Amino acid sequence: LTGLPVCRLLGGKFRERVRLYRTGTPMHAEDLSVCKDYAARIKDEEGWTAIKTIDADSLWQRYDPDCREHGHEPLTRSLTASDLRLAETIMANMRHAFGDDYEIAVHCHWALDMRDALSLAERVAPYGPAWLEDPLPVPFAPAWVRLTERSPVPIAMGENLYGRHEFRPFIEQGGTDIVHIDVPKAGGLLETKRIADLADLHYMKTSMHNPASVIGTIASAHVAATIRDFGMIERAGEDYPWWEDLILHDGPIIHKGYVHISDAPGLGVQLNPEIVQRFLADGETYWGE
């Protein structure tokens, strides 16, 4: 064992801390007072500076038949005029509630066609979103390039891509502005670093999707620290009160929306046996002893 932190094994760090963003939108976000109440709670809690909005009334999630506006065909990727008005209202309310300096990204869940993705980008652009995430279906197509070239909002994608070869056409042909990596899915820490280095050759920023545990989040932060042009990591597990308690810690793991990178060996964390053993499958033996 080297006794070195993971970030050192990946080549060394550019930063001592890595920024995170929350994900969420209140129900009935078309009501400005609802957004103001939500923003007051989020902004006061741990000093967060960024959020990704997923409409709680499932505006973007048109693949769910139970969430579709009346008149939609079951499989269409189109947005109605009403959809676009609602999207603009929600984005305007979120911007008003959170303020001009708060970063707000918009998730689309691969649900749109190229024209409607562009229409959505144009409607939310005046409110300065950080990016429009996953607007088109996952596979690479020239439509991704056309959308990225024409969109007034930066395009981010990548959480459903596997390995550098699937990222390569998006990076080399300009099918995105921001490479948005899911670290375990993309191939782990070293493959993530390779993808980010390829993006850096094309002067593209990297950010990270993150549905992982606190351990996965810290692992992602270690590789993020080694990426020159890095944006932010998604914070997963907000609904689980035991999220931070999976590891032993003295103070908050996330401080003012950032994770600080430890110089301790490995990821610099130790499992909390009391919490971890609650989630063992029947017949499974705890591996930490």
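## Helices H2 and H3

Helix H2 (residues 32-44) packs with H3 at an angle of about 45 degrees, and their axes are 8 Å apart. H2 and H3 are therefore oblique to each other, and their crossing is right-handed. This is a predicted model, and the descriptions that follow should be read with that in mind. On the H2 side, the residues that meet H3 are Leu-32, Cys-35, Lys-36, Tyr-38, Ala-39, Ile-42 and Lys-43, while on the H3 side they are Asn-93, Met-94, His-96, Ala-97 and Phe-98. An α-helix has 3.6 residues a turn, so residues three or four places apart point the same way.

Lys-36, which has its place in helix H2, counts as partly exposed at 41% relative accessibility. Once its neighbours within four places in sequence are left aside, Lys-36 is in contact with His-96 and Ala-97, and both His-96 and Ala-97 are listed among the H3 residues that meet H2. The C-alpha atoms of Lys-36 and Thr-206 are 30 Å apart in space, and these two residues are 170 residues apart in sequence.

## From H3 to H4

The axes of H3 and H4 come within 9 Å and cross at roughly 35 degrees, in a crossing that is right-handed. H3 contributes Leu-84, Arg-85, Ala-87, Glu-88 and Met-91 to the contact, and H4 contributes Ser-119, Leu-120, Arg-123 and Val-124.

Several residues of H4 are buried, namely Met-114, Asp-116, Ala-117, Leu-118, Leu-120, Ala-121 and Val-124. These buried residues pack against helix H3 (81-98), S4 and H5. Leu-120 and Val-124, for instance, belong to the buried set of H4 and also take part in the contact with H3.

## H4 against H5

Two packed helices are described by the angle between their axes and the distance between the axes. For helix H4 (residues 114-124) and H5 the angle is about 20 degrees, with the axes 10 Å apart. H4 and H5 are therefore roughly parallel to each other, and their crossing is right-handed.

The H4 residues Met-114, Arg-115, Ala-117 and Leu-118 meet Ala-143, Arg-146, Leu-147 and Arg-150 in H5. Met-114, Ala-117 and Leu-118 are among the residues of H4 that are buried, and they are also among those that meet H5.

Phe-140 lies in the loop between strand S4 (132-133) and helix H5 (142-150), whereas Phe-170 lies in helix H6 (residues 163-172), so the pair ties together parts that are 30 residues apart in sequence. As for accessibility, Phe-140 counts as partly exposed at 27%, whereas Phe-170 is buried, with a relative accessible area of 1%.

Phe-170 also forms an aromatic pair with Trp-144, again edge-to-face, at 5.6 Å centre to centre and with 80 degrees between the planes. Because Trp-144 lies in helix H5 and Phe-170 in helix H6, this pair ties together parts that are 26 residues apart in sequence. Trp-144 counts as buried, at 1% relative accessibility.

## Further aromatic groups and charges over rings

Tyr-38, Phe-98 and Tyr-102 form one aromatic cluster.

Two arginines are placed over aromatic faces elsewhere in the model. Arg-17 lies over the face of Tyr-258, at 3.6 Å from the ring centre, and Arg-235 lies over the face of Trp-243, at 3.7 Å from the ring centre.

Lys-193 is found in helix H8 (residues 189-201) and counts as buried, at 13% relative accessibility. With its neighbours within four places in sequence left aside, Lys-193 is in contact with Leu-10, Val-223, Thr-226 and Ile-227.

Conventions
Residues numbered from 1 in each chain as written. Predicted model: local features only at pLDDT ≥ 70, side-chain atom pairs only at ≥ 80, totals over all residues. Heavy atoms only, no water. Helix = DSSP H or I, 4+ residues; strand = E, 2+ residues; numbered from the N terminus. Buried < 20%, exposed > 50% of the residue type's maximum accessible area, 1.4 Å probe, protein only. Phe/Tyr/Trp six-rings, centres within 6.5 Å; stacked < 30°, edge-to-face > 60°. Lys NZ or Arg CZ within 6 Å of the ring centre and 35° of its normal. Axes fitted to C-alpha atoms, helices over the stretch in contact; angles between N-to-C directions. Parallel < 35°, antiparallel > 145°, perpendicular 65-115°, else oblique. Left-handed = near helix turned anticlockwise from the far one by under 90°. Contact = heavy atoms within 4.5 Å.
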